Amino acid sequence: MRRVPRALSQSSTSGGVLSVLTCLAILVILYSQISMWVSPVYQRRTIVHRDIDDDHVNVDMNITFLKAHCDDITFKIHDQFSQQTLHATNHVYRQSVGSGCRMHMVYDLKRITGEFIFNSKDNLTDMSHTIEDMVVGDRHRYANTKAFHALKGVKLRDIGSSTHDYILKLLETEFIDVTLEEAAIPYQYTFSYRPHILHNKKDGTLPSVPVHYIRFRYAWSPLKVEYIAEYNTMYDVVTNSIAYCGGLFTTVGVLHRAFIGGSAFIKDNMYKKL
């Protein structure tokens, strides 16, 4: 019976190092497979959203006026027909912060083109502001990217007497998890900004403008993005782990034996030549 060469069966430092690294790689593979079993992988698809007539979308907004008092700011919502939406505001909280005012609002928007406006009571109010955050629709643990908080941290300071127009484009996004029976509909949005700075006349006076305002015009995208959660089954986790680990261990073993055998062959030939 042919014996295995001693060079291929004896222990070595390189073999020990490779064994340790292989075991660590196997642990990483097992961790990734178990993570894919516990946490879902979301598959994305885009569809045309048709049921948009009578829907209402919740908005949670925090804004700070840096130089305007709370009594000087009013809030209104208008639809595309310039009709004020009544009973759309669920919660408005005002808090004086130094010489300014912080407002937290929760309100509903109809799924038609419209605008919501912060008005001043006169044309002397400085509308400098900081938007702390604005969340449209539901909150979701995976809806924490900039696309869902585009206005977060927008700051306009020391801009004097002016008015401001924000134009928002809203995209419905739905996260569906059939296994956990969960569904959430946050909205991604983008915005553009256009200021209207009032310059003094030649005589040094300001032009006659009744009030200053911050206006948010919004429009809804006809598209809808769906993220559907997919989980690996236990069968997939076990079979993939066995396949990956076995293949990795076998490949490393073959390469290591080839290295040891080649080294031994080179040494034997060198000794024969000497």
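Q: Is C23 buried, partly exposed or exposed?

A: This is a predicted model. Burial is read from relative accessible area, where under 20% is buried and over 50% is exposed. C23 has a relative accessible area of 44%, so C23 is partly exposed.

Q: Where do C70 and C101 lie in the chain?

A: C70 is in the loop between β2 (56-65) and β3, and C101 is in strand β5 (residues 100-110). The two cysteines are 31 residues apart, and the pair links distant parts of the chain.

Q: Why is the disulfide called right-handed?

A: Handedness is read from the torsion about the S-S bond. For C70 and C101 that torsion is about 105°, so the disulfide is right-handed.

Q: Are C70 and C101 buried or exposed?

A: The same cut-off of under 20% applies. C70 has a relative accessible area of 11% and is buried. C101 has 0% relative accessibility, so C101 is buried as well.

Q: How is strand β3 placed: how many of its residues are buried, and to which strand do bridges join it?

A: A strand can be read by its burial and by its partners. Of the seven residues of β3 (residues 73-79), five are buried, so β3 is largely enclosed by the rest of the structure. Seven bridges join β3 to strand β6 (residues 114-120), and the two run antiparallel. Within this pairing, I77 stands opposite F116 in β6.

Q: How many aromatic pairs are found in the whole structure, and what is the geometry of Y42 and F175?

A: Ring pairs are read from the distance between centres and the angle between planes; over 60 degrees counts as edge-to-face. The whole structure has 17 aromatic pairs. Y42 and F175 form one that is edge-to-face, at 5.6 Å centre to centre with 90° between the planes. Y42 lies in strand β1 (residues 41-48) and F175 in strand β9 (residues 162-177), so the pair ties together parts that are 133 residues apart in sequence. F175 is buried, with a relative accessible area of 5%.

Q: What is the geometry of Y218 and W220?

A: Y218 and W220 also form an edge-to-face pair, at 5.8 Å centre to centre and 75° between the planes. Y218 is buried at 4% relative accessibility, and W220 is buried at 11%. Ring pairs link both into a cluster with other residues, including F65, F75 and F116.

Notes. Residues numbered from 1 in each chain as written. Predicted model: local features only at pLDDT ≥ 70, side-chain atom pairs only at ≥ 80, totals over all residues. Heavy atoms only, no water. Buried < 20%, exposed > 50% of the residue type's maximum accessible area, 1.4 Å probe, protein only. Helix = DSSP H or I, 4+ residues; strand = E, 2+ residues; numbered from the N terminus. Pairing = 2+ DSSP bridges. Disulfide = S-S within 2.5 Å. Phe/Tyr/Trp six-rings, centres within 6.5 Å; stacked < 30°, edge-to-face > 60°.
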